Amino acid sequence: MFSSPVVLAVLIQLFALLLSYLLYVTDRWQFGSKLSPFLLLFIHASLASACSYLLRMNWWWWLIQFIFPFAVVASLVFQLHPGVSLGIFVLMVLLFWSTYRTQVPYFPSKSSLLPCILEQLPVHDDLSFIDIGSGFGGVSVSLARWRPQQSFFGVEVAPFPWLVSWLRAKWAGPRVCFYLKDYLQLNFAEFDVVFAYLSPAAMPGLWEKVSAEMRPGTQFMSYEFKVPGVEADLTIKSNANDPVLYVWRI
């Protein structure tokens with residue numbers, strides 16, 4: 001019904017605000033204002049988060065919807081300088097950039113993932129590995145320390161994480177490189193291993209690109225998220241509480 005999750009999120013907040021206001025009016029006239037302002041704020045946040053869940057929005061929207069009312073009230077109570085508010089807004093834009101469109105938020109991976117990837121990487125020197133949605137570049141930079149003879153890349157659409165990863169690459173050596181662009185602009189045929197830690201929403205389209213472009217004998221890896229309807233060749237889990245690394249041999 002709504003093409004943009006942002007529009008839906010705003011409508012949910014307005015709906016939760018309306019319900020909270022009706023509760024406030026009822027409490028004031030019928031019970032003499034028994035509910036505290038904090039409790040009303042908590043109810044508003046909980047309603048917004050619950051509606052996001054019931055409408056099957058991705059889990060990070062539940063969290064955003066719950067935090068947003070508290071953040072607004074906190075900015076009013078503490079009377080933040082407009083420059084501080086603007087700085088926070090700009091930082092969030094640079095960090096999350098097109099999350100509203102791609103539905104791929106920033107997911108930091110666990111350090112226990114690295115040995116699992118290393119076990120599956122071929123050992124030949126001309127191997128080319130890319131992390132799509134590379135964030136701050138931790139995966140490619142860390143793998144390059146273990147395999148300095150191989151080439152490691154990352155691609156990130158959000159400017160701030162890309163800038164951090166680009167600076168890290170300057171210290172990691174000539175075989176580490178990060179691109180500021182959408183991974184859809186890449187040709188996967190140029191890489192031996194494509195690694196992704198994105199979101200469930202991105203997996204069907206990503207698999208279409210993998211199937212169309214990756215060469216026979218290469219590998220596609222996805223951390224935590226499966227390709228719907230496509231069984232992985234390997235499922236690797238380093239610890240009981242860690243997500244699974246899925247590996248498909250092309």
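Guide: D27 touches G32, S33, K34 and L35, leaving aside residues up to four places away in sequence; a contact means heavy atoms within 4.5 Å. The model is predicted, so local features need pLDDT of at least 70 and side-chain atom pairs count only at pLDDT 80 or more, while totals for chains, interfaces and linings use all residues. Residues are numbered from 1 along each chain as its sequence is written, and side-chain values use heavy atoms, with hydrogens and water left out.

D27 is found in helix α1, which spans residues 5-31; helices (H or I, at least four residues) and strands (E, at least two) are DSSP runs, numbered from the N terminus. D27 is buried but has no salt bridge, and K34, the nearest side chain of opposite charge, is 7.9 Å away. Buried means under 20% relative accessible area, exposed over 50%, and partly exposed in between (1.4 Å probe, protein chains only). A salt bridge requires a side-chain nitrogen of Lys or Arg within 4 Å of a carboxyl oxygen of Asp or Glu. Lys and Arg count as positive and Asp and Glu as negative, while His and the chain ends are not counted.

Helix α1 also holds L18, which is partly exposed at a relative accessible area of 46%.

As for the whole, the protein chain has 9 helices and 7 strands. Of its 250 residues, 42% count as buried. Among contacts between residues at least 6 apart in sequence, 66% join residues at least 24 apart.
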